[in-house]
Amino acid sequence: MDDEVITEQRPVAFPKVFGYLRYAAGGPARHAALVDCLAEYCRQHELTLCGVFTDRQAAMAAHSPAFVGLLDALELPDTYSAVVPALSHLGPKRLVPERMRQIAEKGTRLIVIRSTGMSALPTRSGHAKPHHHPGGA
């Protein structure tokens, strides 16, 4: 008989995700709480949170440094998803659809921890398709 460890006891790599946060009032304490929220969600759902990109400026441009960093990270091999606490972290309402489209173009998912009802994600063709956002926290 083979003495090799059975599959269930071997280490398994959890899907890699990257977090993204928008500037939040409340300073470092609020930022730390948001990072903890992302980390706890990932832990509960067996995801590996590889990093969190944060735009620290209240005013946002479509191509802010932290969002560009997120998009670059989503191109890394074996990356599964971007994760945000709420859609509002993608920016002002006018930027959200464009940023969702950019994330989808990377071939990754967008996980929204606290969904507020926005339920369409543009596809590469520009048409909207239903998109499930996990509820919770």
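**Salt bridges in the model**

Author: Start with Arg 43 and Glu 40, whose side chains form a salt bridge at 2.6 Å, N to O. The term salt bridge here means a side-chain nitrogen of Lys or Arg within 4 Å of a carboxyl oxygen of Asp or Glu. Side chains of opposite charge can pair when their charged atoms come close.

A word on the basis. The model is predicted, so local features need pLDDT of at least 70 and side-chain atom pairs count only at pLDDT 80 or more, while totals for chains, interfaces and linings use all residues. Residues are numbered from 1 along each chain as its sequence is written, and side-chain values use heavy atoms, with hydrogens and water left out.

Back to the pair. Both Arg 43 and Glu 40 sit in helix α1, residues 27-44. They are three residues apart, about one turn of the helix. Helices are DSSP runs of H or I with at least four residues, strands are runs of E with at least two, and both are numbered from the N terminus. Arg 43 is exposed, at 56% relative accessible area. Glu 40 is partly exposed, at 32%. The cut-offs: buried is under 20% relative accessible area, exposed is over 50%, and partly exposed is in between, with a 1.4 Å probe and protein chains only.

The whole structure holds four salt bridges. Another of them joins the side chains of Glu 75 and Lys 106, at 2.5 Å, N to O. This pair links distant parts of the chain, 31 residues apart. Glu 75 lies in the loop between α2 and β3 (79-86). Lys 106 lies in the loop between α3 (96-105) and β4 (109-114). At 30% relative accessibility, Lys 106 is partly exposed.

Helix α3 has a pair of its own. Glu 98 and Arg 101 both lie there, three residues apart, about one turn of the helix. Their closest N and O atoms are 2.4 Å apart in the salt bridge. Glu 98 is partly exposed, at 30% relative accessibility. Arg 101 is partly exposed too, at 24%.
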